[in-house]
Amino acid sequence: MAETSKCPFVVVANRLPVDRVSGDDSAQWRTSPGGLVTALEPVLRQHNGVWIGWPGSALDDYAQFEVDGLNLLPIELTGDEIEAYYEGMSNSTLWPLYHDVVAKPAFHREWWEAYVQVNQRFADAAAQCAARDAVVWVHDYQLQLVPAMLRALRPDVRIGFFLHIPFPPTELFKQLPWRNQILEGLLGADLVGFQRPGGAANFARLVRLRLGHKNHRERIYLDDGRQLTAQAYPISIDFTSLEKLARTPQVQQRSEEIRSELGDSRTIFLGVDRLDYTKGIRQRLRAFGELIVDELISLDDAVFVQVASPSRERVQQYIEVRHDIERWVGRINGDLGRIGRQPIHYLHSSYPREEMAALFRAADVMVVTPFADGMNLVAKEFVTCRYENNGALVLSEFAGAADELRQAFLVNPHDINGLRDSMLAAMLADPRDLARRMRAMRRQVRENDIDSWATKFLTDLAGERMRSG
Ligand code: GDG
């Protein structure tokens, strides 16, 4: 590996926070959008840090480089490793298992071997570039072995780990053939963060039952005398900058264009998701179709816009869910539409941030219906854009965001009748009721933004080391 500078602050995540802009020979990069990047970018700059991650495509040179003042250390993955570690173990085993087995997880020993190998590579890189007593913050389900591997190499560094997706209950986690290794990997951290208190409790319980380590609430006591904390840190978004964007004349104008193209007087239902089987996209479209069939709403009154951004397109279950959703869209539009009036506008595409903000502004009813979701930032982004305190949010109680956005129309996405009722109630709600709900939800997101999330986690991590001596 090329020589790297020693950093006091290191972020380790599967992907780097930049995307390569394809084009000519010279590599061009731009910072990628997303809550995690927005949250960690200022922290990285402030602490003179480095971000370690896979660049998403093969590079000629894997030396540390800089984009827009951010120090980045790319990690190389071979084609076989992308298949086994990323598409296999991460996205065909851990992702479905941790999301309540909405899809069936596959267990393959060679995927596990690649997972161990790649985790070791990330841990080696972190060990190499962390300064003495550095803070290393490891992210998400792809890298759960890194904390213990890093601790073995560098006992001086302070290690934080944050899981962005749900941590499953004991009965599901137990299915994993490598369950103890994963728990031991995570126990290498000084602080393990989860989205919801339930995830932290599941972890502490598993550690007690499977490895025999005692805990008192969030505190876990290991045999060698070391202690760590496992608790919830609900992630958020950059409220101020998104609201600022939503208030720009360009976004306002674009949102008016969207409304007039769809038919000004129609109620706009909106869904925005990565195309993923955990998000309950088909269920919400089906509920909408049934409302039209039963003449509870008419084509002239309402339209559904569904943005499904392409995701993990080489993984079989993602190929299947795309076909399934597209069949439903075709069927509903074919059966219920007429020339110039389609019930569903389905967009399988990614859009710039400005367009997303315009969509959030244009919508009347935002529909977020995952079967399981660590947090769901889309729900928080929608309320952030609604500075006039109008619009309704229909939100699955299985999204982490439901803990905080209590004034949403909360639904169980498995219950299609309940979903229909809530979507209709949201559409017909009294604007004063909607304003009251929206004000409360906006206050919640404003007061618990991404800065407070990062600051709280890092302050607690600093405190951990002091508690452990
Ligand atoms: C994981 C956890 C947790 C989507 N399409 C476009 C676009 N997006 C943006 C959204 C939002 C983000 O992507 C998606 O975040 P979510 O939180 O909704 O869902 P996951 O991708 O599954 O995220 C989740 C999150 O990590 C953070 O911890 O909340 O539970 O599963 O920001 O707006 N952005 C743009 N164009 C698109 O087409 N620009």
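How far from an oxygen atom of the ligand does a polar side-chain atom of histidine 164 lie? I looked this up before anything else.

**Entry: model and numbering.** I am working with a predicted model, in which local features need pLDDT of at least 70, side-chain atom pairs count only at pLDDT 80 or more, and totals for chains, interfaces and linings use all residues. Residues are numbered from 1 along each chain as its sequence is written, and side-chain values use heavy atoms, with hydrogens and water left out.

Entry: For histidine 164, I found 2.7 Å between a polar side-chain atom and a ligand oxygen. For lysine 279, the corresponding distance to an oxygen atom of the ligand is 3.0 Å. For glutamine 195, a polar side-chain atom is 3.1 Å from a ligand oxygen. I then checked the cover: the ligand on its own has 730 Å² of accessible area, and the protein covers 85% of this (Shrake-Rupley method, 1.4 Å probe).

**Entry: the shell.** I listed 20 residues around the ligand, the closest being His164, Tyr351, Asp373, Leu377 and Glu381; a residue is near if one of its heavy atoms lies within 4 Å. By class I noted eight nonpolar, seven polar and five charged residues. Here Ala, Val, Leu, Ile, Met, Phe, Trp, Tyr, Cys and Pro count as nonpolar, Asp, Glu, Lys and Arg as charged, and the others, Gly among them, as polar. Helices α12 (353–362) and α13 (377–385) each supply at least two shell residues, and α13 gives the largest share, three residues. Helices (H or I, at least four residues) and strands (E, at least two) are DSSP runs, numbered from the N terminus. Domain 1 (7–235 + 451–468) and domain 2 (239–447) each contribute at least three residues to the shell; their bounds come from an automatic or database domain assignment.

**Entry: ten-strand sheet.** I read the order of this open sheet as β5-β6-β4-β1-β7-β8-β9-β12-β11-β10, with mixed pairing; strands pair if DSSP finds at least two bridges between them. Its edge strands are β5 (65–67) and β10 (214–216). Strands β9 (residues 191–194) and β12 (residues 227–232) run parallel and are joined by four bridges. Leucine 191 has threonine 229 in β12 as its bridge partner.

**Entry: six-strand sheet.** I found a second open sheet, ordered β15-β14-β13-β16-β17-β18, with parallel pairing. Its edges are β15 (344–347) and β18 (409–411). Four bridges link β14 (residues 302–309) to β15, and glutamine 306 stands opposite tyrosine 346 in β15.

Key
Polar contact = N/O pair within 3.5 Å; in protein donor to acceptor, adjacent residues only side chain to side chain.
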